Amino acid sequence: MTATAATAATTVATTVATTVATKMGNKGKVTSLLVFILLLKPAVAAGIPRSHGPGQWPGPTRARSSEVGESDSLVPVVSVPPGPDNLVHAIAYAKTLKKNENVSTVRIQLQPGLHTIEGHKPVQIQGPDLPTLVIEGGSVGSAVISGGVVVQGWEVREDMGAEGAIFEAPIPPQLNASDIGQRLQMWRMDDEDDSHGGGDDGIGIGAAGDAIHRARRLTLARSPVLHYTEATSSAIVFEGQDVSDNYYDMANVFLVLYERWTSMMNLITSVDWWSSTVFLSVPTFSTSDWDGGGSRYYVQNALEHLDEPDEFYIDALLGKILLFTKSVKDIPKRVVVAIPNQLITIEGNPTQPVRNVSFVNVSFAFTSVERECVISGCHGQGAADLTTAMVHLMYATDVHFHRCTFAHTGQYAVYLNTGTVNCSVTHSRMYDLGGGGLVVAGGMGHNISDNQITDGGWVWQMGMGVLTRSVNELTVTHNEVSFLRQTGISIGWTWGYGPGDSANIEVAYNHVHDIGLGFLSDMGCIYTLGHLPNTRIHHNLCQDVQSFGYGGWGYYLDEGGPVGRLSGSAYRLYGSK
């Protein structure tokens, strides 16, 4: 400890001792006075201001009873500086406080900056030994839990004059080059433009949050949209020379194939040049007519298609990352890849659910793509085959996210899975989404309200703003859902006209606009499937639905209805392309 830190610690200790003596003098006794300072090693993230010095870290404070439900005791506060895995250590310390000091509630305050996840595993919040946790940032977005790693060591590989330039850098050691899910996304953070359609959100996001907000998603090297002439579930016939039989690193080149209401990634098994046939690794492609998928596809993750500014390619064979820029002067400074596919998991079990965890004013950024779904060609409705998300809950009760930001994901932002009860996401923002915003796939008593969900479908094009199934007592209100390639809000998950698996749902006062965007077909601002007893859908505003072919609706009541009440909404539709 430095002399400055030691002096500051002595000052804090003196202040605490004085406080204790005063309270004992006034009340005669102190029933529960828990005061501590936890110092964790600071770290400096590229491009992010250095964290406060040890002598400046905040000391213990009394939490308001409205925040923690206690009025007669001081709540311990853990002040956590930016750095790798410091949050993990803080949660572990909170557990020891409950065990050793019988503490019921701990506040964890994340200092401004990047709180990075080391390695491939998320922060795991689990176990019956957890106290009530309140994990807070400062100003909204200033504390960022991140799975991103900065790519360094850029050099010019090829200068093509007016056409642009290709830079190369070594693959960061944290990136597992054999995991294709980690090689499908990359972002630039070194330019000032706002490319997420929202501008300043008006809530002040701080230095780290501002850098994250400006991160611009780059494009994995790909061909233009092409059209096949014939197709089966396991092969397509291409035109002319649209597909090569000799791609570099052929085993990792894939096709993105459009179906009616979904698309799928399908790795190439082989190419028969003489018959112009591509054989697919997963023989489950659902061929489509001209008014559904339009016989469209494109080739992606092929070095041969690295030919446009802002395209990239990660060369797993040579350990290099390639980036096409506008010119040799357009030097990459802060380029980020994502390592883990989840940042936070809150998972209990059927007999011991995790209880009472809240995140307030925290940002989450950068997750990779779920490898297993790339390999298996996941193409279920709403990207429902995905099993991971940036934040994943299972067997969890009373878990809440308030005024949080979720950005730059490889799939969905939040997943409320089996056994979740009384959870909420409120007054939060989700953008630049690999899939959609939220999945609610079980449980009861959830509240999804006053959120902005926008700019999704970058990897899983069928991702939806809010996808629900097998849920009871759900509120989805006052959300803005926009700029997605599929449905805005989807309710229900049972085909047929018998009893359904969802009930008691309210979808109201939502503004859903600019969905479809001409990519997929068969969608609506609000979609229902199955019998939904006591469900009320009312006072929603739907604007600008643009499907590729058929099915661009406002309310889309699919098989199995009816719902309880459907009323009081307005529409402005563009219809099909």
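Which residue in S18 is the bridge partner of Asp272? The partner is Thr277. The structure discussed here is a predicted model.

Asp272 and its partner in S18, Thr277, belong to a pairing between two strands. Strand S17, residues 263–272, is joined to S18 by four bridges, and the two run antiparallel.

Both strands are part of an open sheet of seven, in which the order is S13-S19-S16-S17-S18-S15-S14. The pairing in this sheet is antiparallel. S13 and S14 are at the edges, and each has a single partner strand, so one side of each has no neighbour in the sheet.

## The five-stranded sheet

Another open sheet consists of five strands, ordered S8-S9-S21-S20-S12. Here the pairing is mixed. Its edges are taken by strand S8 (155–159) and strand S12 (219–220); each of them has a single partner strand, so one side of each lacks a neighbour in the sheet.

Strand S20 covers residues 311–315 and strand S21 covers residues 320–325; four bridges pair them in the antiparallel sense.

## Aromatic pairs

Searching the whole structure gives 13 aromatic pairs. One of them is formed by Tyr228 and Phe285, with an edge-to-face arrangement, 6.0 Å from centre to centre and 85° between the planes. This pair links distant parts of the chain, as the two residues are 57 residues apart. Tyr228 is in the loop between strand S13 (226–227) and strand S14 (230–231), while Phe285 is in the loop between strand S18 (277–280) and strand S19 (296–300). Tyr228 counts as buried because its relative accessibility is 7%, and Phe285 counts as buried because its relative accessibility is 3%. The cut-off for buried is under 20%.

Phe359 and Phe364 also form an edge-to-face pair, with 5.5 Å between centres and 65° between planes. Both of these residues are buried. Together with Phe401 and Phe406, Phe359 and Phe364 form one aromatic cluster.

## Charges over rings

Where does the charged end of Arg296 sit? It is over the ring of Phe548, at 3.7 Å from the ring's centre.

Arg485 is likewise placed over a ring: it lies over the face of Trp458, 5.0 Å from the ring centre.

Conventions: Residues are numbered from 1 along each chain as its sequence is written. This is a predicted model: local features need pLDDT of at least 70, side-chain atom pairs count only at pLDDT 80 or more; totals for chains, interfaces and linings use all residues. Side-chain values use heavy atoms; hydrogens and water are left out. Rings of Phe, Tyr and Trp (its six-membered ring) pair if their centres lie within 6.5 Å; planes under 30 degrees apart count as stacked, over 60 as edge-to-face and the rest as tilted. Buried means under 20% relative accessible area, exposed over 50%, partly exposed in between (1.4 Å probe, protein chains only). A charge sits over a ring if NZ of Lys or CZ of Arg is within 6 Å of the ring centre and within 35 degrees of the ring normal. Two strands pair if DSSP finds at least two bridges between them.
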